[in-house]
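This report goes through one predicted model in plain terms.

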Amino acid sequence: MAREGGSGGPPGTTPGRRPSRFPGYDVLAQAGAWDATTAAVVFARTARQPELRFFTLAEEAVATLLFDHLLAQWDDPKVPVLEMIDARLAERQTDGWRFEDMPEDDTAWRLSLRGLDDDAREWYDAPFAELSPERRAALIEAVRARGSDRWRGLTAGHVWGLWTRYTATAFYSHPWAWNEIGYGGPAYPRGYMRLGLGLREPWEVPDTEPEEAPPEDDGSDDKRDDDLPARPGAPRTGLAGLVRSATDTLRQTTSPLGRVRDRNASAWLLPRGDARFDRRLVEGMRRFDDRDEVDLVVVGCGAGGATLAQRMSRYGWSVVCLEAGPFWDPDSDWVSDEAASHHLYWNDPRVIAGEDPVPLGANNSGRGVGGSTVHFAGYVPRFHPSDFRTYTEDGVGADWPLDYADLRASYERIEQELPVAGQYWPWGDPHPYPHAPHPVGGNGEVFLRGAAALGLEARVGPVAITNGRFGNRPHCVYRGFCLQGCKVNAKASTLITHVPDALAHGAEIRAQCMVTGVELDERGRLATGVRYVRDGRERFQRARTVAVAGYSIETPRLLLNSTSRRFPDGLCNDHDLVGRYVMVQGAPQTSGRFTQEVRSYKAPPPEVTSEEFYETRSDRPYRRGFSVQNVSPLPIVWAEHVTAQGHWGEDLRRYMRDYVHWATLGALCELLPQPGNRVTLAEEKDRYGLPVARFSYSQCENDRQVIRAAEAVMEDILRAAGASEVMTINRYAHLVGGCRMARDAAHGVVDADLRTFAVPNLLLTDGSVLPTQGSANPALTIMALVDRAAGRLAAGARAGLRTPSGDRR
Amino acid sequence: MIPRSRNPFAPARLARNVRHGRFERSLSLLTAAGSVITAAEIYLEHDRASFGNRVMWWPVVLGPVGAAAGVAGFLSERMARTALPIASAAIAANGLQGTYLHVRGIAEKPGGWSLARYNIETGPPLFAPLLVTMVGGMGLLAALLRRER
Ligand SMILES: Cc1cc2nc3c(=O)[nH]c(=O)nc-3n(C[C@H](O)[C@H](O)[C@H](O)COP(=O)(O)OP(=O)(O)OC[C@H]3O[C@@H](n4cnc5c(N)ncnc54)[C@H](O)[C@@H]3O)c2cc1C
Ligand code: SF4
């Protein structure tokens with residue numbers, strides 16, 4: 001069966017032609033201001049849908065009704081959710097990861113649909129499709145209510161997650177649904193200009209029911225007795241502080257840009273005008289032969305890998321960087337759309353386990369030149385000096401084999417190259433930023449307002465987003481799609497901040513090459529190169545030095561998959577440390593409802609931060625702390641927030657219609673490194689025939705306390721800003737660790753120069769080396785560590801060695 | 001009959017001076033004030049845009065230069081004929097350069113002129129640099145005037 005969505009329907013069509021709270025609003029009328037690639041994916045949703053390919057007849061009968069119930073879609077025209085999900089499953093556009101107690105998504109769909117039908121027969125002696133709507137709803141609700149219990153051989157909560165994730169993604173990717181919730185839709189090349197509470201673009205339509213109170217809560221959001229922790233030492237201000245911040249900032253804005261350009265000319269190698277990447281750089285790229293013994297082969301072209309490739313090619317090394325994913329062309333490969341950005345993520349199979357399993361893919365791993373920085377949010381705070389010695393200071397975590405002072409110069413260099421915009425930073429080691437703070441949107445305004453009411457310090461920044469011209473990169477247009485890849489070149493990703501300069505200095509970035517093993521010489525002492533698969537054929541690239549930068553899951557997996565006589569348990573795994581101490585940050589998100597329109601989709605999602613609660617404090621029962629930032633979920637992620645509260649059907653639709661009134665804060669909680677939180681190899685193999693990664697994660701008591709405290713603070717901030725209702729969901733953010741650095745081989749896999757203890761010409765240059773994670777987003781620190789390591793590597797080479805210079809430290 | 005006064009800036013005398021094209025000194029002073037005020041505003045606006053192109057410092061630096069030349073022109077006739085027109089010409093030219101750069105900036109925003117309204121409203125202010133040229137023009141004009149009596 002194929003359903004016709006019409007050619008967009010009449011202007012302002014809403015699902016079921018319901019009267020709209022935004023009368024006359026028609027997002028498709030704005031299509032003239034969208035780029036062609038994005039317009040194509042959006043209009044495909046309103047066009048005729050392909051025939052079903054995945055669901056069987058029996059499954060279709062259950063699925064159709066299940067979807068109608070979950071989304072309360074009863075009247076025509078309907079968003080063709082069934083066809084959209086069917087196409088996704090037929091084309092295997094799944095997220096890749098699965099819970100250990102669940103089969104892969106396609107099988108899980110089949111089993112759960114059959115389970116629902118079986119329930120119907122068991123309870124009411126009739127197939128699901130023949131039940132009354134009330135009975136069907138009761139069966140669906142029964143699955144939801146089971147929570148973490150088993151149901152039909154599956155975990156009910158995970159089935160519920162599967163159902164709501166797929167249905168909400170399909171429904172809220174449709175322009176008719178956008179009309180219903182007043183969402184602005186794609187925003188490139190035209191971005192937004194009226195940012196802030198209660199402000200609308202000339203073409204946006206005001207909500208006619210701004211006061212509509214959402215239905216009563218089921219009590220899930222009970223008041224906490226936790227009061228706001230007493231205010232820590234306020235950041236130093238005073239006259240001296242003011243003068244210092246002013247002069248430091250002035251020094252940044254007056255220092256000649258030529259100095260940055262002499263170090264890294266990437267921003268000047270991008271085209272001016274409407275193209276985002278100079279294809280001639282790729283076409284004219286130097287190409288090495290597999291048999292050439294290059295000075296350095298880098299595995300992975302993300303935050304760490306691209307930075308290393310750029311630095312070492314500048315130092316005159318011959319460099320090949322092998323990247324599993326594609327070489328992106330932002331103009332044609334990226335869209336200004338949530339659902340159609342799926343190809344940016346690492347979607348190969350992975351298994352997640354443990355008491356608190358961490359979903360992967362979209363939320364934490366990218367694939368392609370630029371790595372995860374292509375769709376990272378762009379918050380780039382530094383770590384605090386205390387992060388480097390949490391064990392000594394707080395008795396938890398681990399001490400780093402280097403100090404903050406060792407990284408300061410690298411931090412400054414990378415901040416100038418990204419470049420970072422923000423207010424003068426009062427926390428940790430106070431410092432200025434090269435670009436001015438951005439104006440904030442409604443969401444940021446709520447945060448600043450709430451923080452001010454509570455007497456908390458919150459500041460605008462620090463974000464790797466141009467606020468003004470930088471080389472040939474233009475100013476941000478406040479389009480809010482940072483997590484879908486910035487089509488403007490305003491948000492930094494290493495694709496535009498380091499790759500162009502690497503190419504100009506003779507590096508080869510070889511895309512679509514999946515590295516499957518690191519090879520050693522016969523005695524197992526030195527690395528000789530890497531095996532990789534390209535176009536289905538295995539190849540071998542020779543190299544004098546190897547650097548692995550595949551991030552916290554893939555780097556340990558590659559080492560564990562690289563066994564030899566010398567390393568039977570995986571490369572560099574003599575002390576059973578590879579894959580251990582993987583960390584994620586607890587990232588609860590709290591949303592608050594405001595009568596004024598927030599329209600948080602305008603402006604970049606990263607805007608404002610507070611690091612008031614970053615460090616251990618004597619008045620709290622837990623060690624270490626958290627930071628608070630604002631995040632601005634687009635409709636699909638917002639639907640996840642709502643469904644996570646247990647809302648579905650009409651309830652879900654009602655909350656979603658209220659979308660423009662909600663502001664969202666997110667915390668980053670420092671969760672402690674634990675040996676049991678680790679990556680191992682599963683039985684299952686991927687398309688290259690390699691065992692996939694299994695990532696097991698469980699929180700400890702300290703972790704839970706920090707997360708609770710962060711939730712309480714965010715709820716207080718939102719209420720202080722005037723929120724009438726708040727809701728919190730629990731999530732995770734970022735990955736680090738897995739091959740941590742340490743002073744010696746008994747405690748870590750690499751040293752402070754990122755060189756492995758076991759193989760002198762093998763380096764790990766990515767997020768996997770972090771021993772602790774602080775409450776800061778990790779990318780800047782990863783890049784700074786690599787900047788430092790590159791300098792050490794080059795200095796060592798000049799001295800005639802092929803490993804970093806000087807003594808290990 | 002207008003009462004005579006020794007002060008060339010007494011209202012009545014001033015008005016007569018102006019009517020006879022004798023207001024070099026007052027216009028010099030106005031040029032000085034205009035330079036400082038525009039430079040201050042430009043500093044704030046350009047700081048907001050992070051001095052992303054370091055030429056954005058030029059109009060800020062030219063502000064005090066124009067101010068000094070204006071005050072010098074107020075105090076000394078010789079200065080009013082030398083330093084003032086030189087500084088003013090630089091300011092006027094810088095305003096034209098700024099207009100060119102702002103136009104280019106708008107053109108290079110995503111969508112360029114095809115999104116003219118959005119890009120003009122959100123891009124570098126299109127007409128602002130011409131106000132700088134006006135200040136420079138005032139200084140040039142002052143240099144051509146007759147001095148107050
Ligand atoms: C949605 C999202 C938001 C984020 N927000 C922020 C933020 O605001 N601030 C921040 O600091 N950080 C943020 N992060 C995290 C940040 O992007 C990562 O920490 C950082 O990019 C990690 O750098 P990396 O070099 O270790 O790995 P990556 O950048 O992930 O690069 C790894 C690369 O290696 C490739 N690769 C892996 N295995 C192989 C192999 N075997 N062969 C060849 N290639 C391989 C991958 O395809 C990938 O391109 C965010 C991440 C996501 C996903
Ligand atoms: S940085 Fe973010 S908000 Fe700014 S233009 Fe890029 S995607 Fe849009």
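A polar contact is a pair of N or O atoms within 3.5 Å; within protein, one must be able to donate a hydrogen and the other to accept it, and residues adjacent in sequence count only if both atoms are side-chain atoms. By this rule, the side chain of Asp703(A) has a polar atom 3.0 Å from the backbone nitrogen of Cys700(A).

This is a predicted model, in which local features need pLDDT of at least 70 and side-chain atom pairs count only at pLDDT 80 or more, while totals for chains, interfaces and linings use all residues. Residues are numbered from 1 along each chain as its sequence is written, chains are lettered from A and ligands numbered from 1 in the order in which they are written, and side-chain values use heavy atoms, with hydrogens and water left out.

Asp703(A) belongs to helix 22 (residues 701-720) of chain A; helices (H or I, at least four residues) and strands (E, at least two) are DSSP runs, numbered from the N terminus. Its relative accessibility is 0%, and Asp703(A) therefore counts as buried. Buried means under 20% relative accessible area, exposed over 50%, and partly exposed in between (1.4 Å probe, protein chains only). Leaving aside neighbours within four places in sequence, Asp703(A) is in contact with Glu670(A), Leu671(A), Leu672(A), Gln674(A) and Tyr697(A), where contact means heavy atoms within 4.5 Å.

Asn467(A) sits in the loop between strand 7 (459-460) and helix 17 (494-497) of chain A. Asn467(A) is buried, at a relative accessible area of 2%. Its side chain makes a polar contact of 2.9 Å with the side chain of His475(A). Beyond four places in sequence, the residues in contact with Asn467(A) include His435(A), Pro437(A) and Tyr478(A), and also Arg48(B), Ala49(B) and Ser50(B).

Ala340(A) is in the loop between helix 13 (330-333) and strand 6 (350-353) of chain A. Residues up to four places away in sequence not counted, Ala340(A) touches Val41(A), Arg45(A) and Val335(A). Ala340(A) and Gln484(A) are 144 residues apart along the chain, and their C-alpha atoms are separated by 8.7 Å.

**Ligands**

Around ligand 1 there are 40 residues, of which Glu323(A), Ser372(A), Tyr379(A), Tyr551(A) and Ala779(A) come nearest; a residue is near a molecule if one of its heavy atoms lies within 4 Å of it. Nitrogen atoms of ligand 1 lie 3.0 Å from a polar backbone atom of Ala324(A), 2.9 Å from a backbone N or O atom of Ala377(A) and 2.6 Å from a backbone N or O atom of Tyr379(A).

Ligand 2 is surrounded by 13 residues, and Cys476(A), Arg479(A), Gly480(A), Cys482(A) and Cys486(A) are the closest. The shell has 10 nonpolar, 1 polar and 2 charged residues. In this classing, Ala, Val, Leu, Ile, Met, Phe, Trp, Tyr, Cys and Pro count as nonpolar, Asp, Glu, Lys and Arg as charged, and the others, Gly among them, as polar.

**Salt bridges**

Side chains of opposite charge can pair when their charged atoms come close. A salt bridge is a side-chain nitrogen of Lys or Arg within 4 Å of a carboxyl oxygen of Asp or Glu. By this rule there are 75 salt bridges over all chains. Four of these pairs are listed below.

| Pair | N to O distance |
|---|---|
| Glu597(A) and Arg200(A) | 3.1 Å |
| Asp686(A) and Arg557(A) | 2.6 Å |
| Arg81(B) and Glu24(B) | 2.3 Å |
| Glu108(B) and Arg272(A) | 2.8 Å |

Both Asp686(A) and Arg557(A) are buried. Glu24(B) is buried, with a relative accessible area of 0%, whereas Arg81(B) is partly exposed at 39% relative accessibility.

**The contact between chains**

The contact takes 28 residues from chain A and 21 residues from chain B. About 1900 Å² is buried between the two chains, and carbon and sulfur atoms give 55% of it; buried area is the accessible area (1.4 Å probe) that two parts lose on being put together, summed over both. The interface holds 2 salt bridges and 14 residue pairs in polar contact (both at pLDDT 80 or more). On the side of chain B that touches chain A, helix 6 of chain B gives the most, with 4 residues. That side of chain B has 7 nonpolar, 6 polar and 8 charged residues.
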